[in-house]
Amino acid sequence: MAVNEASAAPWGMFGQDAAVAALQQALDSDRLAHAYLFTGPDGVGKGTLARRLVAALLCEAAPDARPCLECRACRRVEAGETPDVERIAIGGVCDEGGPAHRDHAADGSTRIRICQVRRLERVASLTPFQAPRRIFILDTADDLQREAAHALLKTLEEPPSFVLLILLATDVDELLPTVRSRCQELALRPMPDAALIAALRQRPGLDPETAGELAAEAHGRYGLAMRLHTDPSLRMLRETAEADALRLASAGRNERFDYAATIAARWSRERAAVLDTLDAWRWWWRARLLEASRGEPGPVRCTPAEAVRALQAVTTTREHLLANTNPQLALEVMMLDLPVLAAPPEDPREETREAVAPAQP
Ligand SMILES: [Zn+2]
Ligand SMILES: [Zn+2]
């Protein structure tokens, strides 16, 4: 039953039926909004949903089969090769002259710049070339510079009739409320573990054991599970991050500050890896919070209040890094804010094995 439900995944999306249904209904009744905001944690499917909405608009199949994900138009959307669709992210082109604006991909930009939004504004006024709409995907709106967000408001307030803006956001609280209120918001949520396992098991060659491991690490996020599956280095990175979180929980200030310096040095050149590390930490502390609030044993002894404090520290640090605060300072503050816990007990499995051994025949 569960597998059948998953195999009927609308738009080829797993676990996001409500969001897909809302968009499908808007398309069917020709009431698509001019601006959408897809929210949810990394790897939950915001980017995929944006592409599938675009595919639904451009697909060459019969209306009730769109997006078919097989026709030429659908494949071009998936490959990011559609002329009337632009993805705006950190780094990228703008229209302004001078060496400072040549290529924001190469200049170490950490935010979406106002000049990129000015370009959006200009391009948005041009009628689309092929597609019924001129489409912009902001990936992610969390990354907008404050001035850039204000500049975007103009287009959000009075978009040309043929424009479709799709904003993706991980931390919706970071957005300007005025930006948020001008978009139709769809929240994407992680799916239950069993449903994620069932969805993963539809991939050819993915055995039940691997599906279980991926689901445990991805916490309900299909996109993250697939990334973990196809990129073993990401899995290693997250496992290392979790081991570091455990070690640092009972480490002293010197060890913590050394670690902060190492991560800070990586921020400028391996931004995605640092964000993945923080994401792994956030879920690691969330698991500690669950254990602590249920009175279950875990790898560390901590109270719910301590786990909450740690979660807040990690979340705030992510925000500070994205807001371009001095990375070393941001990470050192996090290290000071993380609770210092008693050293973890010896591996309980060892004790159990010893205790049980004499009783065995
Ligand atoms: Zn198609
Ligand atoms: Zn520029």
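Axes here are lines fitted to C-alpha atoms, for helices over the stretch in contact, and angles run from 0 to 180 degrees between N-to-C directions. Helices are DSSP runs of H or I with at least four residues, numbered from the N terminus.

This is a predicted model, in which local features need pLDDT of at least 70, side-chain atom pairs count only at pLDDT 80 or more, and totals for chains, interfaces and linings use all residues. Residues are numbered from 1 along each chain as its sequence is written.

Let's start with a helix pair. Helix α8 (residues 193–200) and helix α9 (residues 208–218) have axes that come within 9 Å and cross at roughly 135°. On the α8 side, Asp-193, Leu-196, Ile-197 and Leu-200 meet Ala-211, Gly-212, Leu-214, Ala-215 and Ala-218 of α9, a contact being C-beta atoms, placed from the backbone, within 7 Å. By class, that makes seven nonpolar, one polar and one charged residues (Ala, Leu and Ile count as nonpolar, Asp as charged, Gly as polar).

Now the domains, with bounds from an automatic or database assignment. Domain 1 spans 32–187 and domain 2 spans 234–342. Their centres, taken over C-alpha atoms, sit 31 Å apart. Eight residues of domain 1 and five residues of domain 2 make the contact.

As for confidence, pLDDT (the predictor's confidence in each residue, from 0 to 100) averages 90 over the protein, with 93% of residues at 70 or more.

| Stretch | pLDDT | Contacts beyond four places in sequence |
|---|---|---|
| Residues 1–6 | under 50 | nine contacts |
| Residues 350–361 | under 50 | one contact |

Conventions
Chains are lettered from A and ligands numbered from 1 in the order in which they are written. Helices (H or I, at least four residues) and strands (E, at least two) are DSSP runs, numbered from the N terminus. Two residues are in contact if their C-beta atoms, placed from the backbone, lie within 7 Å.
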